[in-house]
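Dear colleague,

Please find below the structure that I am handing over to you. My notes on what was found in it follow directly after.

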Amino acid sequence: MAEERPFGFAPAEDAPIPYLQRIRTYYQALGYGAPYEWAHYAGVPFRPLGKPLSACRVAIVTTAAPYQPGKGDQGPGAAYNAACKFYSVYSGSTAEDPDLRISHVAIDRQHTTAEDPATYFPLAALRRMEASGRIGSIAPRFYGLPTNRSHRVTLEVDCPEIVARCRADAVDAAILVPNCPVCHQSVSLAARMLEENGISTVVMGCAKDIVEHVGVPRFLFSDFPLGNAAGRPRDRESQLLTLDLALTLLERAPVPRTTVQSPLVWSSDPDWKLDYCNIERLSAEEIRRRRAEFDRQKTIAQAARHAGSAAG
C-alpha cells in the first residue's frame, strides 16, 4: 500500500528489469558454463537527420519472423518455438500487411501473448505518420534481422546486409524494434552500423540495460513486458504515442546515448517485473524442467539452422 512507503516512494521493484543480471544468474542456475558476454562499447556513433523528418524516408528493422506454416504453433500465446527461427536477413514489402510472429524468441510469455502484431511491428502506426506528413515516406521494404548470439555473425554478416538494403532503398532513417533480450543486442549493433554509414536510427525497446550497455545513439524505452516495444496490445492510441515519441527522439536527440522513457505504464502493480528469468521464483523441479526444455529447443534450433544453410 502506498501509505506504507515513506515520502510516497514507489515500490523497490518498480524499476526497469535488470535483464543482464537476471539472465546471467538464470543460465548459471540451469547449469550452463561461463556467462554470456554482451556487446559493450564506450563510444557511440551519432548521425543527426540530414533533412526534416517530414522529408525523410523511414524504414523498420524487426526481429519478428515470417509465419511458417507447418512449423508448429506460432499464434498468440504460443510457447517458445525454435523451429521458426531465421538465420539470414530478409526483406518484405511495406505495401502489404506481412504476417510476422515472435514465437521464435524469448518474449515475456507470462505477461503478454503477442496477440497484436502492432505491439512489435509498428507499420500501421507508421502509415498514419506518413499520411499526416509527419514523415516523408515509408521505405518500400522492411528488414528482418536475425537474433544471433554470435557477435561475429551479427557484426560481419547481418549488420552489413541491413546497411546494404537500407542504402539500396535510399533510407534516411531507421526504426529498430527488438523483442527478446538478444534481439535488443542485435538491433543495437545494427543501429550503430547504420549510424556509421550515414543513416539515423532510433531503437524502440523494453530491455533498457541491454541497449544502454551496448551503446546506441537514440533509445525509446517502454517499461513493458518483452514483446511490446511498439505499444500496448489492441491500444491504437498507445501505439501511436509510442511511435511519435520515437520519431521526436529521432528529430531532437542532441547527443548519442540519449534515452527517453515512455510515460505509459503496463500495470499499476509492478509485481510483473519480478517474474522474467527470476531464478528466485522457481522451484528446483521447475529449474530442471526448464533446463531440459532449453536443451530440446536448442537441438531444434540447430536443425533449423542447418536446414536453412542447406537450402541456401
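Accessible areas here come from the Shrake-Rupley method with a 1.4 Å probe, and for residues only the protein chains shown count as cover. On that basis the protein exposes about 13900 Å², of which carbon and sulfur atoms supply 52%.

This is a predicted model, in which local features need pLDDT of at least 70 and side-chain atom pairs count only at pLDDT 80 or more, while totals for chains, interfaces and linings use all residues. Residues are numbered from 1 along each chain as its sequence is written, and side-chain values use heavy atoms, with hydrogens and water left out.

Overall form

The protein has 7 helices and 10 strands; these are DSSP runs numbered from the N terminus, with helices being H or I of at least four residues and strands E of at least two. The C-alpha trace spans about 60 × 55 × 40 Å along its principal axes. Of the 312 residues, 51% are buried (under 20% relative accessible area; exposed is over 50%, and partly exposed lies in between, with a 1.4 Å probe and protein chains only). Among contacts (heavy atoms within 4.5 Å) with a separation of 6 or more, 77% are between residues 24 or more positions apart.

Strands 8 and 9

Strand 8 (residues 200–205) and strand 9 run parallel and are joined by 3 bridges; two strands pair if DSSP finds at least two bridges between them. M204 stands opposite L220 in strand 9. Within strand 9 (residues 218–221), R218 and L220 point one way, whereas F219 and F221 point the other way, and all are buried.

An arginine in helix 3

R165 lies in helix 3 (residues 151–168). R165 counts as buried because its relative accessible area is 19%. Leaving aside neighbours within four places in sequence, R165 is in contact with V89, Y90, S91, R141 and Y143.

F7, which is not a glycine, has a positive phi of about 65°. F7 sits in the segment before helix 1 (19–29), and with 75% relative accessibility F7 counts as exposed. A170, also a residue other than glycine, has a positive phi near 55°. A170 is found in the loop between helix 3 and strand 7 (173–177), and its relative accessibility of 48% makes A170 partly exposed.

With kind regards
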